[in-house]
Structure formats: structure tokens, C-alpha cells
Amino acid sequence: MMRLALLAAVLAMPTPALAHAFLERASPPVGSELAQPPHQLTLTFTERIEPLFSTIELRAANGATVPLGKPHLAADDRQLLVDLPVLQAGEYTVVWHVTSVDTHKTEGSFRFTVR
Ligand SMILES: [Cu+2]
């Protein structure tokens, strides 16, 4: 019975999870506290991504969106970079939506704090 349930769960998955782009690491790091405001945001994903259909949003603690330029792609196509304006002290939330080259969409968010 257990085995059947497991098989059903596997069959119900629309696509192999392997090929989806998830956040591998970030700069500033997820959950970090920074003594100096960062100049750039760098998100590294587990798969190559399509920059035209990928966005990065930055929200201040009061919910206001911090205006950012368009993110650009680093050489290995797995990294999105965006320049940051001078950030005031406070907690920030990075919200990312990316489309990997296999057209699968993923999204997530994380926080960092500027002291
Ligand atoms: Cu995928």
C-alpha cells in the first residue's frame, strides 16, 4: 500500500524536479546581517535561466518596493545580477521569479538586513 501511494505521487509530478531552477546561493546571503549596504544583488540558481522571463524584486520592511534596474545574466547563465541603490538600514525581502531554460517557472524569497 505504501509503495502504491509512493508510485502515485511520483506519477503525479508533472516534470522532473531536477531541471527546475532553485536558488543555490545569494549575495548578500540568505538571512544575512550586513554592516554596510550591499551594492549589488547576485542570485545563483541550480539551472540556467532565461533572463527575459525572470524578475527580481526588492521590498523594504514597510512593504515599499525598492526600484531596481533590469537584472542581467552572468556568463554561466545561472546567475542574475542587479545593481542596488544606496539602501537605508532595515530589513529587506528579495522576491525572485525565474524561468529556467527548460521553461519551468519557480519563485521564492529571502531576507537580509542592513544594520
Ligand atoms: Cu524544470
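Which residue forms a salt bridge with Glu 57? Hi everyone, let's start there. The partner is Arg 59, and the closest N and O atoms are 2.8 Å apart. By salt bridge I mean a side-chain nitrogen of Lys or Arg within 4 Å of a carboxyl oxygen of Asp or Glu. The background is simple: side chains of opposite charge can pair when their charged atoms come close.

A word on the source: this is a predicted model, where local features need pLDDT of at least 70 and side-chain atom pairs count only at pLDDT 80 or more, while totals for chains, interfaces and linings use all residues. Residues are numbered from 1 along each chain as its sequence is written, and side-chain values use heavy atoms, leaving out hydrogens and water.

Back to our pair. Glu 57 is partly exposed at 27% relative accessibility, and Arg 59 is partly exposed at 32%. Here, buried means under 20% relative accessible area, exposed over 50%, and partly exposed in between, with a 1.4 Å probe and protein chains only.

In total, the count comes to six salt bridges. Another one joins Glu 24 to Arg 25, with the closest N and O atoms 3.0 Å apart. Glu 24 is partly exposed at 41%, and so is Arg 25, at 47%. These two also belong to a network of salt bridges with Asp 76 and Arg 78.

Finally, please find Glu 33 and Arg 115, both exposed. They form a salt bridge too, with the closest N and O atoms 3.3 Å apart. Glu 33 lies in strand E2 (residues 33–34) and Arg 115 in the segment after strand E9 (105–114), so this pair ties together parts 82 residues apart in sequence. Strands are DSSP runs of at least two residues, numbered from the N terminus.

Note on methods:
Helices (H or I, at least four residues) and strands (E, at least two) are DSSP runs, numbered from the N terminus.
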